[in-house]
Amino acid sequence: MPIYRLYTLEVGLKKFEFKLQTVLKLRQKALDDAMLELARISKVLQDTQNEKQLILDTKSNLSLKLTTVVEGEILDIEQIQTGKNYIMQLDTKIKQKNQLIEQIKIAVNSQQKKVQEALKERDILTKLEEKQKQNFYKEFLHKEMTELDDISISRYKVG
């Protein structure tokens, strides 16, 4: 059996193992969870903004309808008063939606910071893994070259 073949059987191909792999997985999970929460909060914000827009559209349509009733020859005081009361209720709802939107925006900003932090923590470990992997293979190649040099020298001496 050739010496090189013996060498490969003895040493074998050593596999890289990142010792902090479980921590990296945990940080990736934390990042995924933070991103899911951000998506959920963003959806709530979008839904709330859509609800506010519906209220604004309803108010606009009602105002237009009341203007038409006033300009028309038929004046229905009760209908006008009911419309005005409803517009006041819509204004209150709009204010409430605006406050809710501001609170949700604060939550979105807070969650974005959490996502950025989780991303930063994950990236630190990913870069560490890459660096360790490069060092591992560099060292492995260096050892392999040293072994091959030793084999070459022993062949030269034998021959």
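**Cores, aromatic rings and salt bridges in a predicted model**

Apart from residues up to four places away in sequence, Ile41 touches Ile104, Ala107, Val108 and Gln111, where contact means heavy atoms within 4.5 Å. The model is predicted, so local features need pLDDT of at least 70 and side-chain atom pairs count only at pLDDT 80 or more, while totals for chains, interfaces and linings use all residues. Residues are numbered from 1 along each chain as its sequence is written, and side-chain values use heavy atoms, with hydrogens and water left out.

Ile41 belongs to the largest nonpolar core, which has 10 residues in all, including Leu38, Leu45, Ile104 and Val108. Helix 2 (21–71) and helix 3 are the elements that give two or more residues to this core. Helices are DSSP runs of H or I, at least four residues in length, numbered from the N terminus. A nonpolar core is a set of buried Ala, Val, Leu, Ile, Met, Phe, Trp, Tyr and Cys residues joined through side-chain atoms within 4.5 Å. Buried means under 20% relative accessible area, exposed over 50%, and partly exposed in between (1.4 Å probe, protein chains only). In soluble globular proteins, nonpolar side chains tend to be buried together.

A second, separate core has 5 residues, among them Phe16 and Phe136. Phe16, Phe136 and Tyr137 also form one aromatic cluster. The structure holds 2 aromatic pairs. One of them, between Phe136 and Tyr137, is edge-to-face, with 5.0 Å centre to centre and 80° between the planes. Rings of Phe, Tyr and Trp (its six-membered ring) pair if their centres lie within 6.5 Å; planes under 30 degrees apart count as stacked, over 60 as edge-to-face and the rest as tilted. Phe136 counts as buried because its relative accessibility is 16%, whereas Tyr137, at 37%, is partly exposed.

The count of salt bridges comes to 7, a salt bridge being a side-chain nitrogen of Lys or Arg within 4 Å of a carboxyl oxygen of Asp or Glu. In the bridge between Asp33 and Lys29, the closest N and O atoms are 3.1 Å apart. Both residues lie in helix 2, 4 residues apart, about one turn of the helix. Asp33 is partly exposed because its relative accessibility is 38%, and Lys29 is partly exposed at 48%. Glu37 forms a salt bridge with Arg40, with 2.6 Å between the closest N and O atoms. Glu37 and Arg40 are 3 residues apart in helix 2.
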